[in-house]
Amino acid sequence: MATSSSAHGRLEASFPAASTTLKSRHSALVRVTHWITTLCFFALLVTGVEILISHPRFYWGESGNVLTKPLFRIPIPSSRSLVPTGYRYVLPDQNGWSRYLHFQAAWILVFTGMLYVIYGLWTGHFGKNLLPSKGDLSWRRFFGTLTKHLRFERPSAAEAWSYNLLQRITYLAVIFILFPFIVWTGLAMSPGFVSAFPAAVTVLGGQQSARTLHFFVTLALVLFLGIHVMMVLLAGFGSRMRAMITGRTGSNMERT
């Protein structure tokens, strides 16, 4: 019996992962809302491009049309022959299905975001995982983290289980500033919303101003997405994807 126990102990020492329960990197609700948000964002991006193609001109104020001088224009052909773009042809008009899917994906995203925020406030997720500590709130710490990112330095093993200062600030800005603002500007283009809450549109400068702001916030979110994907690839695509699918990185000391 002593020999058997000794052998069993050596076996556990040789394979510590088999006898250690790994903590979860992301909760189930965080993972589910993350992937729903991802699918909705891509649906909104594709359909938003289709809607943009129908009138690739932007204005400022309450109204704007083909007879109005635009604030700026996107140098692409339109899907409507009445829109002057300088091209001698028009693209296929996909405005019907794209608007329908755009609104459906937007509402799913809104409800998913509300669920995530309620969960984050209820469980203290934001305070524990995203809110920077007092020790992190210094210009030295911020620029040090920024420099590491600009140098494309591979994150340490400890960062597999927590967010650094730049990530915390960025995620909080996306969750509580960019996403609410893009929802607001999107609703401000709806005639029904305008009639019910005219002040919410007036403060933006008008419906065409809301459309222009909606475009720039979209660019900011696309930029965030590109940097986010790039950092995932740098940190270790396999382990980070595994963490967001299963909740675990693979081992407590895995370098990601």
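# Briefing: a helical chain and its buried core

Q208 is buried, with a relative accessible area of 16%, and this residue belongs to helix α9. Welcome to a quick tour of a predicted model, starting from that residue and moving out to the rest of the chain. The protein chain holds 9 helices and 2 strands, and buried residues make up 34% of its 256 residues.

**Overall layout and confidence**

- Reading from the N terminus, the elements come in the order α-α-β-β-α-α-α-α-α-α-α.
- Among contacts in the protein chain with a separation of 6 or more, 65% join residues 24 or more positions apart.
- The average pLDDT of the protein chain is 83, and 82% of the residues score at least 70.
- Please read residues 1-22 with care: their pLDDT is below 50, and beyond near neighbours in sequence this stretch has 6 contacts in the model.
- Residues 251-256 also have a pLDDT below 50, and for this stretch the model shows 24 contacts beyond near neighbours in sequence.

- Which residues does Q208 touch, leaving aside its neighbours within four places in sequence? They are Y59, G61, E62, S63 and G64.
- Why does Q208 count as buried? Its relative accessible area is 16%, and the cut-off for buried is under 20%.
- Helix α9 has 40 residues, and a straight helix at 1.5 Å a residue would reach 58 Å, but the end C-alpha atoms of α9 are only 43 Å apart.
- Where does α9 bend? The bend is at G236 and comes to about 110°.
- After α9 comes G247, which has a positive phi, near 95°.

**The largest nonpolar core**

- This core has 11 residues: C40, F41, A43, L44, A105, L109, V174, F179, I182, V217 and L221.
- Two or more residues each come from α2 (28-54), α3 (95-123), α6 (165-187) and α9 (207-246).
- Helix α2 gives the largest share, 4 residues.
- F179, one of the core residues, touches T37, L109, V174 and L221 when residues up to four places away in sequence are not counted.

**Helix α3**

- The buried residues of α3 are N95, S98, H102, A105, L109, V110, T112, Y116 and G120. Two of these, A105 and L109, are also listed in the largest nonpolar core.
- Helices α2, α4 and α6 are among the parts that cover the buried residues of α3.
- G124 follows α3 and has a positive phi, near 80°.

**Aromatic pairs**

- How many aromatic pairs does a search of the whole structure find? There are 13.
- A pair of aromatic rings is described by the distance of the centres and the angle of the planes.
- Y116 and F126 form an edge-to-face pair, because their ring centres are 5.5 Å apart and their planes lie at 80°; the cut-off for edge-to-face is over 60 degrees.
- Since Y116 lies in helix α3 and F126 in helix α4 (residues 125-130), the pair ties together parts 10 residues apart in sequence.
- Both Y116 and F126 are buried.
- F126 also pairs with F176: the ring centres are 5.2 Å apart and the planes are at 70°, so this pair is edge-to-face.
- F126 is in α4 and F176 is in helix α6, so their pair ties together parts that are 50 residues apart in sequence.
- Which of these two partners is buried, and which is partly exposed? F126 is buried, with a relative accessible area of 7%, whereas F176 is partly exposed at 40%.
- Elsewhere, F58, F72, F215 and F216 are linked by ring pairs into a cluster.

**An exposed proline**

- P191 sits in helix α7 (residues 191-196).
- P191 is exposed, with a relative accessible area of 63%.
- P191 and Q207 are 16 residues apart along the chain, and their C-alpha atoms are separated by 9.0 Å.

Technical notes
Residues numbered from 1 in each chain as written. Predicted model: local features only at pLDDT ≥ 70, side-chain atom pairs only at ≥ 80, totals over all residues. Heavy atoms only, no water. Core = buried A, V, L, I, M, F, W, Y, C linked by side-chain atoms within 4.5 Å. Buried < 20%, exposed > 50% of the residue type's maximum accessible area, 1.4 Å probe, protein only. Contact = heavy atoms within 4.5 Å. Expected span 1.5 Å × (residues − 1). Bend = angle between axes of the 7 residues up to and from the residue. pLDDT = per-residue confidence, 0-100. Phe/Tyr/Trp six-rings, centres within 6.5 Å; stacked < 30°, edge-to-face > 60°.
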